[in-house]
Amino acid sequence: MSGSSPPLMPAHAGADNHVQLLYEADSRFLRDQRIEKPLRKAIRRGWERFLSRIAVEHLVKEFGDQAAVNDVSFSVERGALCVLLGPSGCGKSTTLRLVAGLEEPTSGRIEIEGRDVTRLPSKDRRIAMVFQSYALFPHLSVAQNIVFGLEVRRVPRAERETRMRKVATLTGLSPYLSRKPGELSGGQRQRVALARAIISEQPVCLMDEPLSNLDAKLRHEMRVEIRALQQRLGMTMIYVTHDQIEAMTMADRVILMNEGVIEQAGSPAELYECPATMFAARFIGAPPMNLIETGGAGGPDGVVTGVRAEDMRLVPASGNGTDAQVASVEYLGADTIVGLTGQAGEAIAVRVAGRAEARIGERAGFIWDRRREHRFDRASGRRIGAASA
Ligand SMILES: Nc1ncnc2c1ncn2[C@@H]1O[C@H](COP(=O)(O)OP(=O)(O)OP(=O)(O)O)[C@@H](O)[C@H]1O
Ligand SMILES: [Mg+2]
């Protein structure tokens with residue numbers, strides 16, 4: 001958000017005052033109080049939705065005869081944090097690189113802030129990006145790497161310096177500013193990449209697994225920091241991760257991908273409470289949702305019943321539940337996950353508050369709250385009944 005580059009005008013915005021204001025607000029709203037009032041008015045009229053978004057329509061990217069991204073459509077509202085979630089190789093990075101303009105789509109369309117950017121070079125898309133592979137300049141110091149983009153955009157030295165100190169403190173890099181990337185640990189390098197993106201204060205920020213090399217404590221801290229910063233700066237962010245906890249805790253909207261297609265898109269709560277497919281049911285939540293072949297449990301054939309571990313209850317064996325054997329007991333402090341093996345060999349996880357009495361090898365029964373169960377069609381893997389998100 002440097003003052004040097006003039007705000008871009010979306011082609012179809014015409015001379016509308018509010019749109020122009022909003023556009024300028026992107027680059028100035030942190031510093032200029034005068035635009036606050038008209039901006040509020042414009043937002044009330046719903047204009048920000050018009051500019052906001054990143055919209056991706058029927059995006060396809062083929063490598064040879066394999067489609068890494070296969071007809072993907074989604075949109076991210078202005079100022080929202082959208083997480084692309086999914087297992088390794090499902091096409092998350094490729095999708096992000098397409099939005100960034102680092103790959104050219106085989107077909108489809110990408111819009112950022114009301115402009116069709118599908119064929120626009122990356123540098124003209126007004127985005128900041130953190131790569132999965134860091135992409136740091138090895139011959140530059142940490143400080144130089146962080147301010148690189150600001151230098152290119154001719155932000156004055158004093159401002160560069162102030163912003164750099166602030167971001168370095170935020171990312172815990174202050175002691176390493178004069179080192180070269182080669183003299184840093186993986187986690188420290190990752191934080192340099194993060195700092196470089198944060199400092200640019202671009203309205204759109206794309207992050208590819210920015211925390212994958214950090215330890216648990218730092219990961220948690222940075223998760224909170226990134227989310228706070230994104231909200232404070234009103235950034236529109238696409239954040240790639242395979243970690244469902246990151247997705248659940250940070251996202252306004254989660255896009256769950258599998259083998260190049262979108263399995264489900266919705267808020268974290270929608271994905272957790274109303275998974276559209278068995279894949280989503282297993283991918284979101286720890287432990288994964290229990291899937292029980294209903295044929296054996298007295299229900300109709302071809303239907304799989306899903307039950308979250310917290311909706312399961314342990315009962316004495318040979319009682320009113322289904323009998324099983326205790327296979328594992330994982331004590332987590334606030335609760336315990338008891339793993340059972342059912343008579344057909346199925347694995348069932350039960351969440352018990354506090355400590356559980358269960359011992360490995362013992363027999364135990366399980367029952368669940370029928371009102372909290374989910375039903376899936378075994379053949380298609382899709383949810384049956386209540387509309388999914
Ligand atoms: N340049 C390329 N050439 C050929 N195939 C590629 C290329 N880039 C990615 N792919 C393939 O496309 C698929 C999706 O890759 P992508 O990097 O998008 O996955 P990902 O979801 O980011 O996985 P990860 O979590 O492991 O980073 C993979 O099967 C990958 O092998
Ligand atoms: Mg990736």
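This is a predicted model: local features need pLDDT of at least 70, side-chain atom pairs count only at pLDDT 80 or more; totals for chains, interfaces and linings use all residues.
View 1. Met 222, Arg 223, Ile 226 and Gln 230 are the buried residues of H8. They lie on the same side of H8, because the arc they cover around the axis is only 110°. That arc is taken from the directions from the helix axis to the C-beta atoms. A residue is called buried with 20 or more other C-beta atoms within 10 Å of its own, exposed with 12 or fewer, and partly exposed in between, with C-beta atoms placed from the backbone.

Residues are numbered from 1 along each chain as its sequence is written, and chains are lettered from A and ligands numbered from 1 in the order in which they are written.

View 2. Helix H8 runs through residues 216-233, and its 18 residues should span 26 Å at 1.5 Å a residue, which agrees with the 26 Å between its end C-alpha atoms. The expected span is 1.5 Å times one less than the number of residues. Helices (H or I, at least four residues) and strands (E, at least two) are DSSP runs numbered from the N terminus. Strand E3 (81-85), strand E8 (236-241) and helix H9 (244-250) are among the elements covering the buried residues of H8, where contact means C-beta atoms, placed from the backbone, within 7 Å. Just after H8 comes Gly 234, with a positive phi of about 65°.

**View 3. The shell around ligand 1.** Among the residues around ligand 1 are Phe 63, Ala 68, Gln 132 and His 242; a residue is included if its C-beta atom, placed from the backbone, lies within 6 Å. Helix H4 (residues 92-100) gives the most to this shell, with 3 residues. By type, the shell holds 3 nonpolar, 8 polar and 1 charged. Here Ala, Val, Leu, Ile, Met, Phe, Trp, Tyr, Cys and Pro count as nonpolar, Asp, Glu, Lys and Arg as charged, and the others, Gly among them, as polar.

**View 4. Strand E1 and its partners.** Strand E1 (residues 54-63) runs antiparallel to strand E4 (residues 107-112), joined by 5 bridges, and antiparallel to strand E2 (residues 66-76), joined by 8 bridges. Strands pair if DSSP finds at least two bridges between them. Follow Ile 54: it stands opposite Ile 112 in E4, and its bridge partner in E2 is Val 76. The hairpin of E1 and E2 has 2 residues between the strands, and Gly 64 in it takes a positive phi near 65°.

View 5. Asp 71, in strand E2, has a positive phi near 65° although it is a residue other than glycine. Asp 71 is partly exposed, with 14 other C-beta atoms within 10 Å. Glu 259, in the loop between strand E9 (253-258) and strand E10 (261-266), is not a glycine either, yet has a positive phi of about 50°. In the loop between helix H11 (278-283) and strand E11 (290-293) you will find Pro 287, joined to Ala 286 by a cis peptide bond with omega about -5°.

Methods
Two residues are in contact if their C-beta atoms, placed from the backbone, lie within 7 Å.
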